[in-house]
Amino acid sequence: MISTVPIMTVLPAFRRFPASAAVLARVFAVAVVLGCAGAGAVVPVAADPSYEDWAELRMCESSDRYGTNTGNGYYGAYQFDLATWRSVGGEGRPDRAAPAEQDYRALYLYRMRGWQPWECAGEGFLELREDSDARSGVVPSYEDSTYIGDPEAPQPEPRPPHEPDTGPETMPPWPGVVYAYGDCATALRDFQLRMNAYDFDHEFTGSGCYYEKTREAVLAVQRANGINDSGRLGPKTWRAAWEGEPPN
């Protein structure tokens, strides 16, 4: 079953559902699907979940029935609710859509939110693993989703790994302003993107505004280079970002 959350908004905690006897029974039935499909299945390349993962999910969620209407607000093979279905561009009701359409919308949802929306995919059930396409925000094509319902169809080729923008390789001229928390300036963008060259747990987009993540980076650069850790981005910290010791 899928919880209701618009795709492009900040996601709150998702509503989870208690494991029902019916769901548990469907988990055990997954092996039957894999036994039938495995003999002729093509081993997919490492992009998006495999045909087998989707088959397991459908069996657990709906006993692999695309036309099912459970009567509790969840529909089709992937047990979409209407709000989630519409958030990935679905029209009408999921159980009335063609199987290929349901497959496509399921892949769309996976690329936006990973396995999180599906109870059956999670801990204590199938425990499906996410790959680099999960939560990537990349809208699939219908061709991308063809393999989900057809084990003989080729799976999409993996995309190159994402490389963050690290900004200018050589130090830009010092802008002549000492920046502090809350400041916004075009020059700050260069410093922020430079921080992507280091091992921070945050990718800087180069917003040009000095907030908490930028402050953490400034302090890290200062401490790595013996600069007074004031949190103010002055000329010494600016130079150290390109020519000093790595901050981590």
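**A buried aspartate, then the cores**

Asp-133 is buried, at a relative accessible area of 5%. Buried here means under 20% relative accessible area, with a 1.4 Å probe and protein chains only. This is a predicted model: local features need pLDDT of at least 70, side-chain atom pairs count only at pLDDT 80 or more, and totals for chains, interfaces and linings use all residues. Numbering runs from 1 along each chain as its sequence is written, and side-chain values use heavy atoms, leaving out hydrogens and water.

Where does Asp-133 sit? In the loop between helix 4 (99-113) and helix 5 (142-145). Helices are DSSP runs of H or I, at least four residues, numbered from the N terminus. A polar atom of the Asp-133 side chain lies 3.1 Å from the backbone nitrogen of Asp-48.

Now the cores. A nonpolar core is a set of buried Ala, Val, Leu, Ile, Met, Phe, Trp, Tyr and Cys residues joined through side-chain atoms within 4.5 Å. The largest has 30 residues. Trp-54, Leu-57 and Tyr-110 are among those with the most contacts inside it. Helix 2 (51-62) and helix 4 each give two or more residues to this core. Helix 4 supplies the largest share, seven residues.

Contact means heavy atoms within 4.5 Å.

Apart from that core lies another, of 19 residues, among them Leu-188, Phe-200, Ile-227 and Trp-238.

Last, helix 6 (residues 186-194). Its buried residues include Leu-188 and Phe-191. They pack against helix 7 (212-224) and helix 8 (235-243).

Technical notes: Buried means under 20% relative accessible area, exposed over 50%, partly exposed in between (1.4 Å probe, protein chains only). A polar contact is a pair of N or O atoms within 3.5 Å; within protein, one must be able to donate a hydrogen and the other to accept it, and residues adjacent in sequence count only if both atoms are side-chain atoms.
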